[in-house]
Amino acid sequence: MKLDEEIFKGKQYIDKLRREYIENHTRFQERDELIAENNIEKRDIKGYHGREILELLQNADDAYQKSIDKGEKLNVSLK
């Protein structure tokens with residue numbers, strides 16, 4: 001019976017180590033993904049710096065073109 005208990009304890013210990021390894025690996029992977037996403041966002045922000053008005057005008061033009069493609073008639077005027 002003692003041998004069975006030792007085997008059971010050994011399996012529990014191995015399971016614990018496996019869970020800890022997976023949790024740590026997942027945490028590091030998530031951290032690395034967050035860092036990568038943050039770097040991409042910073043790069044994108046730098047790419048838009050100084051172009052905010054141009055981007056808004058381009059978005060408005062794209063929306064207007066989509067409405068024309070759908071056959072909608074819009075009355076647009078700038079004041």
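The side chains of Lys-16 and Glu-20 meet in a salt bridge, 3.3 Å from N to O; a salt bridge here is a side-chain nitrogen of Lys or Arg within 4 Å of a carboxyl oxygen of Asp or Glu. The model is predicted: local features need pLDDT of at least 70 and side-chain atom pairs count only at pLDDT 80 or more, while totals for chains, interfaces and linings use all residues. Residues are numbered from 1 along each chain as its sequence is written, and side-chain values use heavy atoms, with hydrogens and water left out.

**Salt bridges**

- A search of the whole structure finds 5 salt bridges, among them the pair Lys-16 and Glu-20.
- Lys-16 and Glu-20 both lie in helix 1 (residues 2-48), 4 residues apart, which is about one turn of the helix; helices (H or I, at least four residues) are DSSP runs numbered from the N terminus.
- Lys-16 counts as partly exposed because its relative accessibility is 39%; the classes are buried under 20% relative accessible area, exposed over 50%, and partly exposed in between, with a 1.4 Å probe and protein chains only.
- Glu-20 is also partly exposed, at 32% relative accessibility.
- Asp-32 forms a salt bridge with Arg-31, and their closest N and O atoms are 2.8 Å apart.
- Asp-32 has a relative accessibility of 41% and so counts as partly exposed; Arg-31, with a relative accessible area of 43%, is partly exposed.
- Another salt bridge joins the side chains of Glu-55 and Arg-51, at 2.3 Å from N to O.
- Glu-55 is buried, because its relative accessible area is 13%, whereas Arg-51 is partly exposed at 36%.
- Side chains of opposite charge can pair when their charged atoms come close.

**Surface patches**

- Glu-30, Glu-33, Glu-37 and Glu-41 form a negative surface patch; patches are made of residues with over 30% relative accessible area and no salt bridge, like charges being joined within 9 Å and nonpolar side chains (Val, Leu, Ile, Met, Phe, Trp, Tyr) within 5 Å.
- In charge terms, Asp and Glu count as negative and Lys and Arg as positive, with His and the chain ends not counted; the place of a charge is NZ of Lys, CZ of Arg, CG of Asp or CD of Glu.
- Glu-41, one of the patch residues, is found in helix 1 and is partly exposed, with a relative accessible area of 48%.
- Tyr-13, Ile-14 and Leu-17 make a nonpolar surface patch of about 310 Å²; accessible areas come from the Shrake-Rupley method with a 1.4 Å probe, and for residues only the protein chains shown count as cover.
- Ile-14 lies in helix 1 and is exposed, because its relative accessible area is 53%.
- Leu-17 has its place in helix 1 and is partly exposed, at 38%.

**Helix geometry**

- Helix 1 has 47 residues, which at 1.5 Å a residue should span 69 Å, and its end C-alpha atoms are 69 Å apart, in agreement; the expected span is 1.5 Å times one less than the number of residues.
- Just after helix 1, Gly-50 takes a positive phi of about 85 degrees.
- The 18 residues of helix 2 (residues 52-69) should span 26 Å at 1.5 Å a residue, and this agrees with the 26 Å between its end C-alpha atoms.
- Gly-71 follows helix 2 and has a positive phi, near 85 degrees.
- Leu-17 and Leu-57 are 40 residues apart along the chain, and their C-alpha atoms are separated by 56 Å.

How values were computed
Helices (H or I, at least four residues) and strands (E, at least two) are DSSP runs, numbered from the N terminus.
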